[in-house]
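Here is a short briefing on one structure. Please look through the sequence and the 3D view first.

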Amino acid sequence: MSRSTSRLHYLSAYRPPIAFLQMKLHSLAFHPQILFAIIVTHASQRTIHDLSNDFVWRISELLILDSRDLCDLADDIGHVATRTLLMPKILRSKASIALSPSPAPSLSPSFTMESVVHSFVSPPDHWLRSQFFPPMRTTAVSPLPIAYRSLPSSLCYAEKPTIAAAFPYSNSVFPLSTSISLPSSCRSKALFATPDAGVSSETSVWAMQDFYTLRKEVEATSQRVKDIRESAGLEQLGEELAKLETAAASDSFWDDRTSAQQTLMALTDVKDKINLLKEFQAQVDDAETIVNLTEEMDSTDTALLEEAANIVKELNKALDKFELSQLLSGPYDKEGAVINITAGAGGTDAQDWADMLLRMYVRWGERQRYKTRVVEKSMGEEAGIKSATIELEGRYAFGYLSGEKGTHRIVRQSPFNAKGLRQTSFSGVEVMPLLPEDSLNVEIPEEDLQIGFSRAGGSGGQNVNKVETAVRITHIPTGVTVRCTEERSQLANKIKALSRLKAKLLVIAVEQRASEIKQIRGDAVKADWGQQIRNYVFHPYKLVKDVRTGHETTDITSVMDGELDPFIKAYLRYKYSESMAN
Amino acid sequence: MNLAILARSSPLFTTSRILHRSIASKPFSCCSISNSPISINPKTPLFLRPPTFSATLSDLQKWQNWAKSIASSVKSSFTDSDNGPNSNDLHRELNWLIEDALENPQSLLTHNEFEIDYVLRLRADLDELYLLWKQRIEKRRPFQYVVGCEHWRDLVVSVEEGVLIPRPETELMVDLVDDVIKENEDLKEGLWVDLGTGSGAIAIGIVRILGDFGRVIATDLSHVAVQVASFNVNRYNLQDKISVKQGSWFEPLSGFEGRVAGLVSNPPYIPSGHVSGLQAEVGRHEPILALDGGEDGMADLLHLCNGAALMLKSGGFFAFETNGEDQCRFLVDHMETIHNGSFHNLEIIPDFAGIQRFVTGIRS
């Protein structure tokens with residue numbers, strides 16, 4: 001009790017900035033009740049209205065999950081302003097999700113909130129409780145499992161986009177574990193047990209050498225942040241930002257819509273990048289603050305150190321991803337992607353393999369939270385697919401996927417063969433950027449194009465009514481061919497096929513360092529096609545191995561479930577070092 | 001010269017009208033949505049209906065799996081019997097049906113198997129979807145009638161029983177007009193005519209490439225076609241530029257002799273003898289009035305040629321769709337001999353599949 005009190009005293013004396021508290025809330029390193037107490041102390045000095053909406057929302061999110069105790073708490077401390085502000089939110093959320101479980105009184109023995117709060121706030125107004133809270137007590141029922149499954153996803157969808165938009169890899173800076181991990185802890189009876197564990201067992205976990213290790217890690221991370229900020233050219237970015245902002249503010253800015261839009265997009269990019277770099281600094285500063293505080297104080301504070309360790313861990317992940325995005329500096333890397341999968345020769349086995357690849361890439365796209373659509377799929381006779389086209393909308397989709405181009409080979413016992421013989425099949429994967437129409441301002445001379453329309457045979461015209469309006473365009477000088485079948489009219493298919501062809505040629509031009517499409521060497525294009533890039537062995541052992549990078553894993557199930565990131569990263573690093581070597 | 005002489009009055013004309021009536025008035029047997037085809041108001045295409053129905057994801061998936069499996073069971077049987085669609089074509093159609101029937105088709109993809117209770121909003125009752133797909137497979141009802149629309153060029157035109165479904169080949173007609181008005185700016189601001197407009201697709205396609213003063217008159221003998229064409233014209237907000245008139249070929253055009261800048265038509269051109277052997281979607285469901293071109297399929301085409309000589313102004317352009325090479329040659333011969341000197345730049349233009357499909361020319 002006395003220790004807890006002193007802890008809170010220290011915190012209230014320290015009076016951490018709101019941003020710091022928000023971070024705590026995100027990672028849930030603090031006991032919610034402690035947080036509440038902090039809020040209240042804040043509120044008594046400033047007003048609760050100073051808190052950002054987002055912060056209040058997050059608090060109420062926490063409150064939902066252990067509403068009873070916290071409502072009691074609000075009652076006990078009689079902080080009417082706080083409660084008035086939070087109650088509608090609580091009630092609303094309570095109505096919208098199935099009710100939270102009635103938590104067992106689970107305050108840890110070493111720490112009772114009431115006593116803590118009483119030590120520095122006014123005595124309770126119990127009449128308030130009867131007026132505001134009876135419904136919550138009586139309606140608490142045990143939850144349905146399904147409600148739990150839907151709760152976290154809805155919560156994390158709600159807050160996800162801002163983060164995902166700022167960064168291609170999700171889960172970057174702010175761990176979403178807040179909303180994801182809570183339900184599982186809800187299921188266990190002791191609602192507060194998980195976050196509380198660190199607080200109650202202060203001495204056992206953290207020995208001095210752990211602290212030194214942490215300090216070292218924090219120092220190393222700090223250095224890393226410094227390096228990254230330098231190499232990313234934070235100062236130049238600032239200058240660029242100023243330049244773009246001046247351009248955007250000019251009167252004639254909207255005269256040319258296309259260039260205006262491009263400027264605005266560049267502006268967002270620069271801003272995002274600067275914010276991200278600032279965020280890195282803020283995070284590492286927080287970790288350093290904790291380490292310094294601990295050094296000044298006599299005793300170690302487990303929760304704080306856990307917090308610091310957590311920050312460092314997450315920050316390093318975010319830094320990894322940032323570095324990776326630096327590898328994606330190709331002119332089209334930022335764009336969305338179109339993947340085209342074609343079954344190789346070999347009938348049903350190959351078609352089934354193409355289908356497995358389709359599923360793999362769709363899963364991958366969904367994991368990245370890209371808008372993933374299978375726009376075209378041509379079914380195999382028995383099973384699987386002959387071909388399929390996926391469109392992935394989202395930043396850097398093409399950059400990540402461009403290395404997937406090539407032939408993918410599978411070795412397994414054939415499921416379509418009574419004897420279960422070992423069978424090798426192939427499927428081809430093509431990747432092209434999903435470019436906005438106006439960025440394709442390349443003119444291809446009409447005579448370089450061979451446009452074929454698939455139409456049902458016979459007399460055509462009025463004699464036939466078929467919905468097949470496929471268009472196939474071949475760029476004669478290079479032999480590059482695209483086909484488009486997913487649109488519902490011939491013209492629409494032709495337009496789409498042409499833009500895909502242009503996208504494909506532009507990428508090839510970049511690969512060959514040709515300044516324009518005319519310079520593309522057709523022979524090189526043909527030779528480059530169909531290079532085998534990866535082996536997937538299901539039998540007699542399990543192994544996925546990339547032919548180019550040598551990266552491999554035995555966890556073939558995860559790979560087929562879309563866990564492609566290690567392969568993608570390995571390839572990007574490989575490509576980067578190759579380009580450096582040249 | 002009296003226009004009535006030009007109006008077609010062959011015995012075939014009467015029979016085909018009767019045939020059309022008999023088809024049109026026959027109610028669609030198992031069709032619960034049967035607004036009678038001779039309704040005054042055209043049916044609303046599925047994709048434009050309000051999403052007032054709903055179904056759970058699992059129920060919709062059940063329907064989808066059922067529809068997929070009966071589509072798969074077709075294999076190549078339709079193709080073998082009358083060059084109809086195979087399973088692949090039908091799977092594609094099924095996806096489009098889902099696209100049109102769901103308020104938010106993406107939701108089918110983004111929700112996984114754990115959310116079977118997720119409720120989707122539909123533009124048609126699930127029972128109706130079962131019925132529609134059954135009609136598609138068992139009755140060979142054309143997909144475009146099932147969903148009530150056809151994507152044609154960059155347009156989505158409403159269609160229903162009694163109106164010919166515009167064909168992909170015909171998309172090229174608009175390109176032909178585009179080419180000619182680029183050469184002759186004068187035609188761009190003139191009066192254009194689409195004879196036998198059907199759904200109004202060509203008229204709408206053309207008017208959108210004409211200039212500010214360009215106008216189109218679209219005619220059709222069929223009442224249903226006039227209704228549907230008017231609906232489509234209104235939907236694209238072109239009622240000030242296109243007037244849809246009911247009547248046989250040139251009948252509604254009296255007073256415009258020698259003043260027409262361009263004349264296009266996709267008239268019935270299938271020889272009567274071929275009609276019975278047509279793909280079921282076409283022969284059993286599409287209006288015979290729009291298909292049957294008489295014994296050699298040339299009855300209406302010849303009539304149009306004669307009319308073109310009368311209606312077009314000097315420098316005016318015409319384009320007709322035909323059944324193929326033989327008809328194209330015949331038409332060109334006819335124009336060169338009968339209307340000697342009336343036309344120049346007569347051309348035969350192939351469609352995407354390489355079949356000689358269009359005859360074009362300029363009035364001297």
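The points below cover a sheet, a helix pair and a chain interface.

This is a predicted model: local features need pLDDT of at least 70, side-chain atom pairs count only at pLDDT 80 or more, and totals for chains, interfaces and linings use all residues. Residues are numbered from 1 along each chain as written, chains are lettered from A and ligands numbered from 1 in written order, and side-chain values use heavy atoms, without hydrogens and water.

**Sheet in chain A**
- An open sheet of 8 strands runs S2-S3-S1-S5-S4-S9-S10-S11, with mixed pairing.
- Helices (H or I, at least four residues) and strands (E, at least two) are DSSP runs numbered from the N terminus.
- S2 (371-379) and S11 (552-553) are the edge strands, each pairing on one side only.
- S4 (406-413) and S9 (532-537) pair in the parallel sense over 5 bridges; pairing takes at least two DSSP bridges.
- His408(A) is opposite Arg534(A) of S9(A).

**Helix pair in chain A**
- The axes of H15 (234-249) and H16 (257-296) come within 9 Å and cross at roughly 145°. Axes are lines fitted to C-alpha atoms over the stretch in contact, with angles from 0 to 180 degrees between N-to-C directions.
- Leu237(A) and Leu241(A) are among the H15(A) residues that meet H16(A), whose contacting residues include Leu267(A) and Ile274(A). Contact means heavy atoms within 4.5 Å.

**Interface of chains A and B**
- 48 residues of chain B contact 32 residues of chain A.
- The count of salt bridges is 2 (Lys or Arg side-chain nitrogen within 4 Å of an Asp or Glu carboxyl oxygen).
- Glu99(B) and Arg488(A) form a salt bridge at 3.4 Å, N to O.
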